[in-house]
Amino acid sequence: MVAPRILTRQPDPAARRRLEQAGIHPLLARLWAARGVAAPQETAPDWQAMLAPSLLTHAGRAAALLADAIAARKRLLIVADYDCDGATACAVGLRGLRAMGAVVDFLVPNRFETGYGLSPAVVDLACAHPGGKPDILITVDNGIASIDGVAAARDAGMQVLITDHHLPGDVLPEALAIVNPNQPGCGFPSKHLAGVGVIFYLLLALRAELRQRGAFGGDSGPRLDALTDLVALGTVADVVRLDANNRLLVAQGLKRIRAGRMQPGLRALFAVSGRQAREASTFDLGFALGPRINAAGRLADMSLGIRCLVTDDEDEALKLARELDAMNRERREIEAGMRDQALASLDALPAASAASLCVFDASWHQGVVGLVASRLKDRFWCPTLAFAPAGDGELRGSGRSVPDVHLRDALDLVSKRYPSLIRKFGGHAMAAGLTLHEADFAAFAPAFDAAVRELTGRSRFEPALETDGSLEADYANAEVATLLDQQVWGSGFPAPVFVDAFIVRNQRVVGEKHLKLALERGGQRFDAIWFGHADALPPAVDLAYRLALNNWNGMVSVQLVIEHGQDTAR
């Protein structure tokens, strides 16, 4: 593991003063100001602060088309993606449209058979759907790149309405309407809506359209805020940037979950993962619930995850959640085996100065290669691609990158230098996917490494751990830990990490791989734990840590969760 440089976030002094003057806790004011919050209203989790659906290009037009379709009793079919964002977006679309009188069903592509998005093969499946051939296809969390699929749907007598959040290519599909904050010309202030956020916004616009047409009296109609638990889950699980608008949506969802007002599927997922819904945090959504939904798409069929999220039967929800939990355990075992194989193969190689990693094994599972790439990237801190067989002599690869390397740009450079090497690719800065001929893997690895070097001018990359500096002694308590735990943290708005010098009073290994510590700082004693670290610490050490709550025998105390440490004498 590459040791990170320790950086300290610096809060804007004026913003910090404004936040404190508005009555915000001084520590929160410091933390928020260091994350770019400039005014108190940016932290308001109230619906009044949400960006208006009317700002989203084509939202009104798409809402009118859907209102017409509902009135004409047309068949609608949601075409989902096979990750947690796609599953929650599908569930939100199904629940919301049905509540407004639509005849709607869903179809989710199989990762291993039809690939990603609305392809011509998926259009064929839609035509033969058990619920009958649809009149309109609605994509969620996909579609912006489905030029051939939209054309195939049109040729088959179906219209397409696209809702997506991914970056578009040079040409847009010829759909009835495209609702995507990242499409050219869209002035929606938040470019970071997840797929589930986009369909939620479209439902808000549709309800407003139906109210205007007199379908609902006054401000009546379905309570769409009842879907925010799903919106929060998909938003956090897709690791989109938690800007002010996304934080508001997630905060509303967490509020419902903590109050016990959630879909049966979410309640069941909390139960099987051993998490407490009344204390729900973004960590639970991203690391407990999200992976269990994702496991269905990685190993089998995401329709299992979607069915868990749309059922209103508590018993069925629990049964499906248990199946998802078993799949997630299987996914972890497969991933661990693949990771160990990859590390063994790397250890057997002579030391090299590669700027990247490309790994492949004929026995690997293509649904898990992205997770393996992520683990290896974290360990070696360089852009990493992992490949598995995809049949017919093809390899399917998934990559993860470091902040210094735009992964899609590196793949694009390879495709320009060697036009026949990559069969297809797509993605963004930090994650991407691609397909190769198996015989081309040996040539691809050095070509990719050369592209990384050319784009960055570097052959090594150094990780950095951003921290919030020292924690004021008065705030190192359970009350403040509770306050921090109740906030919305995540991508682009990271949870606080503090750095301080401690005296190690006691240390022991628990569970064979975790270090349990008794620490002292300025006369204060702390319990601490360093997960996945079993090496003894020196008597005096600088530690980067998070504040956490420890519930034991009915007693609640503060615990430090260690992220990094180094000898104070260094």
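**A buried aspartate and the sheet beside it**

Let me begin with D85, which is buried in this predicted model, because its relative accessible area is 0%, and anything under 20% counts as buried. D85 sits in helix 4, and a polar atom of its side chain lies 2.8 Å from the backbone nitrogen of G195. If we set aside the neighbours within four places in sequence, the residues in contact with D85 are D141, H165, A194, G195, V196, G234 and D238.

Helix 4, which spans residues 84-99, lies across strand 2, strand 3 and strand 4, and runs at about 165 degrees to strand 3.

Those strands bring me to the sheet itself, which is open, has 5 strands in the order 3-2-4-5-6, and shows parallel pairing. At its edges are strand 3, residues 103-107, and strand 6, residues 177-179, each of which pairs on one side only. Averaged over the sheet, and with direction ignored, neighbouring strands are turned by 20 degrees against each other.

Helix 3, residues 59-71, also packs on this sheet, where it touches strand 2 (75-79), strand 4, strand 5 and strand 6, and the direction of helix 3 makes about 125 degrees with that of strand 6.

Key
Residues numbered from 1 in each chain as written. Predicted model: local features only at pLDDT ≥ 70, side-chain atom pairs only at ≥ 80, totals over all residues. Heavy atoms only, no water. Pairing = 2+ DSSP bridges. Helix = DSSP H or I, 4+ residues; strand = E, 2+ residues; numbered from the N terminus. Axes fitted to C-alpha atoms, helices over the stretch in contact; angles between N-to-C directions. Contact = heavy atoms within 4.5 Å. Buried < 20%, exposed > 50% of the residue type's maximum accessible area, 1.4 Å probe, protein only. Polar contact = N/O pair within 3.5 Å; in protein donor to acceptor, adjacent residues only side chain to side chain.
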